[in-house]
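Hi,

Here is the structure I promised to pass on. Have a look first, and my notes follow below.

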Amino acid sequence: MNTELEILVSPYTGYCFGVKRAMSLLEEGLARSRGMPVYTAGDIIHNPQAIERLESRGVEKVASVDKLSEGDTFVIRAHGVHPRIIENAERKNIDIIDTTCPFVKRSQDYVKLLSAGKRDIIIIGDRDHPEVKGLSGHAGRKPRIIKSMEEAERLPELERAGVIIQTTFSARESESIVEELNKRIPDLKVFNTICKATVKRRKATMDIARNVDLMLVVGGKGSSNTRRLHYMCRDRNIMSRHIETADEIDESWFRDIRRVGLTTGTSTPDWVLTEVKKKLHRISEDC
Ligand code: SF4
């Protein structure tokens, strides 16, 4: 590299509304627990660096509420959980702090509504994602979970069905899937539950990505919305790297690079992005 790096940062970085809210409720839980551990069902957010800091402050992940006792503090993550977990916690008189994002809650309510209307429920999303697992629990009967056109085409004949979309799913892919479902199912009710925060973030990311030589997408490797930002760039032949921390950045990436774009997933803490920016400025100065 022989010219200073120009760094373009997306206007939408750091925690989204739902993650900010979850983290602030978790802080309340930590204050309430007076030094005792605060338990979460799985990671409260998909970011290992944030989780590491929380663990050092007494946040512990548990596989099941069976391991908890009366009076323990239990935090439900932003993605929501299967209602059975909440019922078990209530039965055991556990202190519950529910940080389920209001947008995820709205999807859960739609699932309940469709279930009450005796419709088959189709969830467009990743069956292993905690949000989808939680949503499935709100359906009276087993929902059908699909994430591709091929899976949509393989669905059996259905007369009446309702569709819910994972909040972080691709708008483009879900549109084609819904189009296919509309052709196949005579009475189809669709709730577009894709979160606007992720839509704005994707658009801003692509606006920057089209104008840079390299895109750096910062966030947990297990974060589906972060991975999607990276795939979106890659699928449009834009050079992109998905990193979790500044330590992963290699100076050799910036040979012949003049403009670099920065974006983050919705669960990436600001301090992680700050470290990345600092490293990029150091690399730029050293050139
Ligand atoms: S991405 Fe949207 S749905 Fe998910 S936590 Fe953030 S605000 Fe809520």
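Which residues are closest to the ligand? They are Cys 16, Gly 18, Cys 101, Thr 167 and Cys 195, and 14 residues surround the ligand in total (a residue is near a molecule if its C-beta atom, placed from the backbone, lies within 6 Å of it).

Before going on, a word on the source. This is a predicted model, where local features need pLDDT of at least 70, side-chain atom pairs count only at pLDDT 80 or more, and totals for chains, interfaces and linings use all residues. Residues are numbered from 1 along each chain as its sequence is written.

Back to the ligand: α1 (17-32), α4 (102-116) and α8 (196-209) each give at least two residues to the shell around it, and α1 has the largest share, with 3 residues. (Helices are DSSP runs of H or I, at least four residues, and strands are runs of E, at least two, numbered from the N terminus.) By class, the shell has 9 nonpolar, 5 polar and no charged residues. Here Ala, Val, Leu, Ile, Met, Phe, Trp, Tyr, Cys and Pro count as nonpolar, Asp, Glu, Lys and Arg as charged, and the others, Gly among them, as polar.

Next, the domains. The assignment, which is automatic or from a database, gives domain 1 (6-14 + 197-286), domain 2 (17-100) and domain 3 (103-194). The centres of domain 1 and domain 2, taken over C-alpha atoms, are 30 Å apart. Their contact takes 12 residues from domain 1 and 8 residues from domain 2 (contact means C-beta atoms, placed from the backbone, within 7 Å). On the domain 1 side there are 3 nonpolar, 8 polar and 1 charged residues.

Then the inside. The largest nonpolar core has 48 residues, and Ile 122, Ile 123, Ile 124 and Ile 164 have the most contacts inside it. Domain 2 and domain 3 both give residues to this core, so it lies between them. Another core, of 16 residues, lies apart from it and includes Leu 214 and Leu 262. (A nonpolar core is a set of buried Ala, Val, Leu, Ile, Met, Phe, Trp, Tyr and Cys residues joined through C-beta atoms within 7 Å; buried means 20 or more other C-beta atoms within 10 Å of a residue's own, exposed 12 or fewer, partly exposed in between, with C-beta atoms placed from the backbone.)

Finally, Lys 112 sits in helix α4. Lys 112 is partly exposed because 16 other C-beta atoms lie within 10 Å.

Cheers

Terms used:
Two residues are in contact if their C-beta atoms, placed from the backbone, lie within 7 Å.
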